[in-house]
Amino acid sequence: PKKSPRRLPAAEVDRRRRIEALNRSQANNPWDREILNGAWAYPIDSDRFAGEESEVSFMDHVHLEYLLDDLPKTGPVRRFMELVVVGLQKNPHLSVSKSASMWNG
């Protein structure tokens, strides 16, 4: 009688299939390449590139309404300057000192 080939356990088959998939996979976009090359450190540290902003609190970045205190309470100038403050608050590329210098001119 002919012997049937030895069957591998399901866990071993799954392990081999995963290894083959990893070997076949390639980084299809820049994010995958950065992940595979280790450009991003895990766990994610949002303060990794803080630099000069490391000593500035988050509240200083998002609460700039105090800049409107010296302006008229109503009118088109007030509405326009409120929009300017919102833009400064939402811009992640501006430091607090740069935002203040833009406001002060």
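Select helix H4 (residues 76–90) together with helix H5 (residues 96–104), which pack at an angle of about 160 degrees with their axes 11 Å apart; the axes are lines fitted to C-alpha atoms over the stretch in contact, and angles run from 0 to 180 degrees between N-to-C directions. H4 and H5 are therefore roughly antiparallel to each other, a term that applies to angles over 145 degrees. This is a predicted model, in which local features need pLDDT of at least 70 and side-chain atom pairs count only at pLDDT 80 or more, whereas totals for chains, interfaces and linings use all residues. Residues are numbered from 1 along each chain as its sequence is written, and side-chain values use heavy atoms, without hydrogens and water.

Next, show the side chains of Met-81, Val-84, Val-85 and Leu-88 in H4, which meet Ser-99, Met-102 and Trp-103 in H5, contact meaning heavy atoms within 4.5 Å. By class, this contact of H4 with H5 has 6 nonpolar residues, 1 polar residue and no charged ones.

Then display the whole protein, whose secondary structure comes to 5 helices and 0 strands, counted as DSSP runs of at least four residues (H or I) for helices and at least two (E) for strands. Coloured by burial, the 105 residues include 11% that are buried, that is, under 20% relative accessible area with a 1.4 Å probe, protein chains only.

Conventions:
Buried < 20%, exposed > 50% of the residue type's maximum accessible area, 1.4 Å probe, protein only. Parallel < 35°, antiparallel > 145°, perpendicular 65-115°, else oblique. Nonpolar A, V, L, I, M, F, W, Y, C, P; charged D, E, K, R; others polar.
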